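Here's a quick walk through the fold, the packing and the metal site. Have the viewer open and follow along.

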Amino acid sequence: MTEENLINILLVEDDEVDIMNVQRAFRKNNINNPLFIARNGLEALEMLQADKIPKPHVIILDINMPKMNGLEFLQEVRSDEKLKRISVFVMTTSNEDSDKINAYNLNVAGYILKPLSFEKFIQSMSTLNSYWKLCERPSM
Amino acid sequence: MNEDRFVQCQKQLAQVKKEFEEFVYLVSHDLNAPIRAISNLLGWISEDLGPNIPDDVQQNIKLLQDRAQRLEKMLSAILALSRVSRTNLETGYIELPAFLENISEKYRNNNSFITIQAEPIGFTTYYQKLSAVINELLTNALKHSDKELTTIQLTATRVNNFLQLLITDNGSGFAPEIQERIFSLFYTARSKEETENIGAGLTVARSITNFAGGNLTINQAKAGEGSSFILLWPLHILETT
Ligand SMILES: [Mg+2]
């Protein structure tokens, strides 16, 4: 991988408008990272395990979703030898401590509340982007 | 009623309360997503239309956005109410007057003058909850002020097993006939057109106080004299079930 390579991002989100929200924020802030989208945990897991998309460095994860919710998905990711190192940002409307504790127990890089801290999310994204450019990482 | 029956009733009551809180939480949480979507989409529509929107359309979009925002605020107030018994349950030792000084500091500016008179009292309590209530009372005093310089006096004394905190301001106060209503959910003293306020702060403050086993009331002689709130807060943590 060369330095110019942007990190791949997978967005796991069931709400169409929330997906548009992320896409618009990316466009507005000139974030040109490849963005892949899955509509629930199960779909995301299948995409990842069947190598349907290039392996993402970062996953943005909603919690409340049909079929497989965010925390269940996160559990699967953390117990998968090939996926467990991916940085995951939870982005949810749930302000419940239990969800936060469960998420951090599964090693998330951040927990972001929709929609108020969206600016913070964008900042984290660009920080993470430069961070990844600086860091050596195992070849995927 | 015999004792067994009484205990059983209490258990049932606790169960119903818990179910009610869960219901309120779920409803307000799930209604939030579509409202947020409406808000977002409106913003995008006006962004995408650019600067050449007819004035009346622009005005209607703005009104719609205001209403969506109000709805969002109302829902988060309901959420806050449903979470009173489940959040900020950490207990810790606090000392007066330092605790009051810390909270008041961020409300001090050129338009406000806050004085604190407190007996030295130290006790262990739900300090985040007490802080939330005091923050709300200060916010409330400043929000309703009609003076250029709002003065707020905090007086803390020990009354039996309670901390008694008096919060007195020099604002316009509340007319006697609305003094109890100001604690009702979504009651605002001014028209909702004129204020960003949705009328939930004091409701939440009282609900938190009740949870802790305290009491929050307003004590004011007549309209136009500034308001005085009396907060009674237990000096011991009560066993709640
Ligand atoms: Mg969702």
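What follows goes from the sheet to the helices, then to the cores and the metal.

This is a predicted model, so to speak of local features a pLDDT of at least 70 is needed, side-chain atom pairs count only at pLDDT 80 or more, and totals for chains, interfaces and linings use all residues. Residues are numbered from 1 along each chain as its sequence is written, chains are lettered from A and ligands numbered from 1 in the order in which they are written, and side-chain values use heavy atoms, with hydrogens and water left out.

**Fold of chain A**

Chain A has five helices and five strands, following β-α-β-α-β-α-β-α-β-α along the sequence. Helices here are DSSP runs of H or I with at least four residues, strands are E runs of at least two, and both are numbered from the N terminus.

The five strands make an open, parallel sheet ordered β2-β1-β3-β4-β5; strands pair if DSSP finds at least two bridges between them. β2 (35–38) and β5 (110–113) of chain A sit at the edges with a single partner strand each, so one side of each has no neighbour in the sheet. From one strand to the next, the twist averages 20 degrees. Further in, β1 (residues 9–12) and β3 (residues 58–61) of chain A run parallel and are joined by four bridges, with Leu11(A) partnered to Ile60(A).

| Helix | Strands | Angle |
|---|---|---|
| α1(A) (residues 16–28) | β1, β2 and β4 (87–92) | about 175 degrees to β2(A) |
| α3(A) (residues 70–78) | β1, β3 and β4 | about 155 degrees to β3(A) |

**Burial and cores**

Of the 140 residues in chain A, 49% are buried, where buried is under 20% relative accessible area, exposed over 50% and partly exposed in between (1.4 Å probe, protein chains only).

The largest nonpolar core has 39 residues, and Leu96(B) and Phe123(B) are among those touching the most other members. A second, separate core of 25 residues includes Ile59(A) and Tyr111(A). A core is a set of buried Ala, Val, Leu, Ile, Met, Phe, Trp, Tyr and Cys residues joined through side-chain atoms within 4.5 Å.

**Magnesium site**

Which residues hold the magnesium ion as protein donors? They are Asp14(A) (OD), Asp62(A) (OD) and Asn64(A) (O), 2.1 to 2.4 Å away. Donors are N, O and S atoms within 2.8 Å of the metal (3.2 Å for Na, K and Ca); water is not among the atoms, so sites may look incomplete. Asp14(A) is in the β1–α1 loop of chain A and Asp62(A) in the β3–α3 loop of chain A, so the pair ties together parts 48 residues apart in sequence. Asp14(A) is partly exposed at 32% relative accessibility, while Asp62(A) is buried at 4%.

Notes. Axes fitted to C-alpha atoms, helices over the stretch in contact; angles between N-to-C directions. Contact = heavy atoms within 4.5 Å.
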